[in-house]
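Work through the exercises below with the structure at hand. Each task is followed by a solution in steps.

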Amino acid sequence: MYRDGARKSIWQEEIRKFPSGKDPQALFDVAVVGGGITGVSTALKLQLSGKKCIILEANNIAFGATGGTTAHLNDFFDTTFNEAIRDFGSDDARLYAGAGQEAISIIENNIRELGIHCDFTRKSAYLFALDEEQEKTLKDIVEGASKVGHEMTYVNEIPFPVPFKEAVHIPNQGYFHPVKYVNGLCEAFLEAGGVILEDCLCESHREQDQQVILKTSKGEIQAGWAVYATHIPPGINLLHFTNAPYRSYAVAFTLKNNHYPWELGYDLCEPYHYYRIQEINGENLLIAGGEDHKTGHAEDTGECFSRLENYVRKYFNVETAVYSWSSQYYEPADGLPYIGKLPGSRGRIFTATGFRGNGMIFGTLSSQIISDLIINGSSRYEKLFSPSRIKPIAGFKELVKEGADVVFDLVKDKLFMEKIDSMTEIKEGEAKTVKYEGEAYAVYKETGGRMHVVKSTCPHALCEVRWNSAELSWDCPCHGSRFGVNGKILTGPTVKKLQHVIQTWDPNPNS
């Protein structure tokens with residue numbers, strides 16, 4: 001397994017291991033926890049600025065969202081410019097509007113200066129409304145864009161075979177192969193003297209006046225600063241109550257007659273669908289994404305893939321579905337990402353999360369913001385994206401809703417498990433949370449009868465995990481921690497696996 005799910009992503013063949021550093025016990029200027037685009041981009045920028053850096057990755061480089069993204073590079077976001085103007089003011093909205101092109105420029109410069117071959121190309125994007133309600137949404141998006149100087153132009157045609165009411169053209173967007181790109185950054189990082197330590201779980205930290213001591217599965221690491229580039233930081237923090245984990249689904253198709261729309265496309269459904277093309281092993285593939293939902297809140301995640309595939313087949317001349325996979329992201333309460341000093345930190349620990357569906361952009365921008373904060377002590381984005389900000393108007397409704405969901409999940413799952421009193425009902429290939437002799441367990445039975453039994457309580461905040469049938473994982477609905485069938489950590493913020501009870505167990509030993 002090279003990424004955090006059982007399904008193979010379109011990028012997975014490029015994921016590889018990197019050589020471990022020679023002296024991981026040395027004192028570093030900066031320790032970056034997390035080997036996705038956020039962590040690797042940040043570590044490289046700091047290393048090239050003269051800092052001695054180490055990347056600590058619990059699994060392998062690009063194991064998480066970077067290995068599961070659809071890799072759109074766009075400068076218009078899930079939080080619209082009108083929403084940003086309403087909640088943060090016109091000046092901050094204009095700053096926000098410039099963030100996308102700055103991030104794409106950083107990627108473009110890295111590719112050119114480091115000679116990275118990652119299929120990067122600039123493309124136009126099309127945003128289209130399918131019904132009258134979406135037309136109103138599109139009009140609001142375009143009005144907001146005009147207020148911040150962002151170019152969107154109404155058009156009568158789009159390159160996608162989807163019936164639409166209205167559409168706009170957006171120039172100078174792009175896409176790339178995210179794993180090839182991150183691999184290129186890693187090679188440059190190692191060449192510059194950086195250290196990569198994979199299979200190294202960061203379990204906790206101690207922040208002191210002049211350094212941070214990280215306790216890891218491979219010993220203690222000392223650094224002047226630490227950066228948590230792990231989607232959501234470990235422990236219990238303010239950010240766990242201002243961000244909610246969501247899953248998104250993607251399927252890659254071959255099309256008949258080689259009629260591929262080479263631009264980027266987005267409808268305004270709820271949740272929306274999005275499209276792009278990628279060449280893999282000499283074959284063109286249409287990547288379609290959508291069917292997003294809160295982590296742990298879909299009874300049958302396999303149906304999400306079926307709905308997405310059926311939707312695409314309705315409009316496109318599909319030949320074969322070649323790849324299908326899902327990935328995780330975090331929704332911020334007030335709509336903007338959290339990038340900067342970790343809440344509660346003395347100033348030596350940084351984090352980046354809440355990217356919504358714009359992970360490649362804000363992961364890249366995080367490298368600029370965090371390196372500026374460490375090297376210069378300030379960033380022009382510092383206030384806007386501060387992880388400690390509280391916007392009582394912008395985020396209050398969503399903050400209350402997501403917080404209530406966490407409490408509801410804690411209580412509802414406990415009550416649900418009380419109704420289950422036997423493991424004998426579990427069939428091969430099936431998983432359940434069960435109550436047995438007063439204890440709660442998560443049980444999965446493989447084909448052939450072997451059973452994996454783990455405690456069902458997530459160690460992070462004591463929520464009860466739920467089964468993800470599409471990725472064969474136990475997912476926590478509260479903060480997004482995810483585990484394999486044997487309890488192994490797939491995704492934080494947890495730093496502890498599900499307690500393993502037994503791997504092979506026959507519930508009817510006398511039968």
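**Exercise 1.** Find the backbone nitrogen that lies 3.3 Å from a polar atom of the side chain of D334, and describe the setting of D334.

*Solution.* The model is predicted.
- Step 1: The backbone nitrogen belongs to L336.
- Step 2: D334 is located in the loop that runs between strand 15 (318–332) and strand 16 (338–341).
- Step 3: The relative accessibility of D334 is 6%. Buried means under 20%, so D334 counts as buried.

**Exercise 2.** Classify the ring pair of F355 and F362, then that of Y444 and W467.

*Solution.* A pair of aromatic rings is described by the distance of the centres and the angle of the planes.
- Step 1: The whole structure holds 18 aromatic pairs.
- Step 2: For F355 and F362 the ring centres are 6.2 Å apart and the planes stand at 35°, so this pair is tilted. Both F355 and F362 are buried.
- Step 3: For Y444 and W467 the distance is 5.1 Å centre to centre, with 25° between the planes. Planes under 30 degrees apart count as stacked, and the pair of Y444 and W467 is stacked.
- Step 4: Y444 has a relative accessible area of 9% and is buried. W467, at 18% relative accessibility, also counts as buried.

**Exercise 3.** Which residues do ring pairs link into a cluster with F355 and F362?

*Solution.* The cluster consists of F77, F81, Y96, F355, F362, Y381 and F385.

**Exercise 4.** State which charged residue lies over the face of F305, and which lies over the face of F28.

*Solution.* 
- Step 1: Over F305 lies R7, at 4.0 Å from the ring centre.
- Step 2: Over F28 lies K52, at 5.3 Å from the ring centre.

**Exercise 5.** Describe the largest nonpolar core and the contacts of F176.

*Solution.* 
- Step 1: The largest core numbers 85 residues. I10, I61, Y96, L127, F176, Y181 and F385 have the most contacts inside it.
- Step 2: Helix 3 (residues 90–114) supplies the largest share of this core, nine residues.
- Step 3: Apart from neighbours within four places in sequence, F176 is in contact with residues including W11, I37, I107, Y181, R276 and M360.
- Step 4: A second, separate core has 26 residues, among them Y126, F305, Y311 and V312.

Note on methods: Residues numbered from 1 in each chain as written. Predicted model: local features only at pLDDT ≥ 70, side-chain atom pairs only at ≥ 80, totals over all residues. Heavy atoms only, no water. Phe/Tyr/Trp six-rings, centres within 6.5 Å; stacked < 30°, edge-to-face > 60°. Buried < 20%, exposed > 50% of the residue type's maximum accessible area, 1.4 Å probe, protein only. Lys NZ or Arg CZ within 6 Å of the ring centre and 35° of its normal. Helix = DSSP H or I, 4+ residues; strand = E, 2+ residues; numbered from the N terminus. Polar contact = N/O pair within 3.5 Å; in protein donor to acceptor, adjacent residues only side chain to side chain. Core = buried A, V, L, I, M, F, W, Y, C linked by side-chain atoms within 4.5 Å. Contact = heavy atoms within 4.5 Å.
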